[in-house]
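Here is a walk through one protein model, hairpin by hairpin. Keep the viewer open while you read.

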Amino acid sequence: APRPVRPAASRSGRSSAFARAFGGALKTWPDEGDVSLDVAQLGVGGQTLKPVLGRLTYDAKLISLQRLRIGDADGVAIDGNGAFDRASATGQMNFGATAATLDPLARLVEPLAPAFARRIAAIPAGAGNIWVGLSLDLDKPQGDLAGVKASLDIHAPQLKGSLAATMMPRLVRRGGVVASFT
């Protein structure tokens, strides 16, 4: 019988529990894959995304998001791409979003980060194009520690800025490739 999942006390505990749960599910996946998605309309978390295009490939050495394009997510267009080399534990993923105002961005992130969405919504409204970029970089490991950097850039008429965060999670290797972070 499946065991109930208990909330962990710390962020690192939650991420390692997630990695273990996801890693177990991956045991039944094929060794390599090429998944393409071309959907006219997709409902996710009460929001309608249309159209959704994507291509993800993976094998023993590389996980690659070759294309992600969401034409309209409640007024936000999203693009993404990138790759992670599992053998060397390096890589980068990039995501960009554009909108006419900040309001649709706040609605889009609200299910994932409600406090952040409230902060976006509190910024005075103004007309003008908005661009938000998110980059995730995985630098060459130092021993069993990986250098992870996340960068968030925003360009709007009312606000311009960047936010960067770095961390050094432990790598868990299986068969010479990175299986998860703890």
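This is a predicted model: local features need pLDDT of at least 70, side-chain atom pairs count only at pLDDT 80 or more; totals for chains, interfaces and linings use all residues.

## A two-residue turn to begin with

Strand 2 and strand 3 make a hairpin with two residues between them, and Gly45 in the turn has a positive phi of about 55 degrees. Strands here are DSSP runs of E with at least two residues, helices are runs of H or I with at least four residues, and both are numbered from the N terminus. Strand 2 covers residues 42–44 and pairs with strand 3 in the antiparallel sense over three bridges; two strands count as paired if DSSP finds at least two bridges between them. Within that pairing, Gly43 sits opposite Thr48 in strand 3.

Is Gly45 buried or exposed? Gly45 is exposed because its relative accessible area is 67%, and the cut-offs are under 20% for buried, over 50% for exposed and partly exposed in between (1.4 Å probe, protein chains only).

Residues are numbered from 1 along each chain as its sequence is written, and side-chain values use heavy atoms, with hydrogens and water left out.

## The whole protein

The protein has three helices and 11 strands, and from the N terminus on the order reads α-β-β-β-β-β-β-α-α-β-β-β-β-β. Of its 182 residues, 26% count as buried. The accessible surface comes to about 11900 Å², with 59% of that belonging to carbon and sulfur atoms; the areas come from the Shrake-Rupley method with a 1.4 Å probe, and for residues only the protein chains shown count as cover.

How many of the contacts between residues at least 6 apart in sequence join residues at least 24 apart? The share is 42%, where contact means heavy atoms within 4.5 Å.

Arg55 faces Arg67 of strand 4.

Strand 4 (residues 62–73) is joined to strand 5 (residues 76–85) by seven bridges in an antiparallel arrangement, and Leu68 stands opposite Gly80. That hairpin has two residues between the strands, and Asp74 takes a positive phi near 55 degrees. Strand 5 then pairs antiparallel with strand 6 (residues 90–99) over 10 bridges. Their hairpin has four residues between the strands, with Ala89 at a positive phi near 55 degrees.

Leu56 of strand 3 counts as partly exposed because its relative accessibility is 31%. Together with Val35 and Ile63, Leu56 forms a nonpolar surface patch of about 210 Å² of accessible area. Patch members have over 30% relative accessible area and no salt bridge; like charges are joined within 9 Å, and nonpolar side chains (Val, Leu, Ile, Met, Phe, Trp, Tyr) within 5 Å.

Why does Ser64 count as buried? Ser64, in strand 4, is buried because its relative accessible area is 9%. Leaving aside neighbours within four places in sequence, Ser64 touches Arg55, Leu56, Thr57, Gly82 and Ala83.

Asn94 in strand 6 is the bridge partner of Asn81. The side chain of Asn94 also makes a polar contact of 2.9 Å with that of Ser135. A polar contact is a pair of N or O atoms within 3.5 Å; within protein, one must be able to donate a hydrogen and the other to accept it, and residues adjacent in sequence count only if both atoms are side-chain atoms. Ser135 belongs to strand 7 (residues 130–142), and beyond four places in sequence its contacts include Gln92, Met93, Lys149 and Ser151.

Helix 2 (residues 102–109) has Leu102, Pro104, Leu105, Ala106 and Leu108 buried. At the start of helix 2, a side-chain oxygen of Thr101 comes within 3.5 Å of the backbone nitrogen of Asp103.

Methods
A salt bridge is a side-chain nitrogen of Lys or Arg within 4 Å of a carboxyl oxygen of Asp or Glu.
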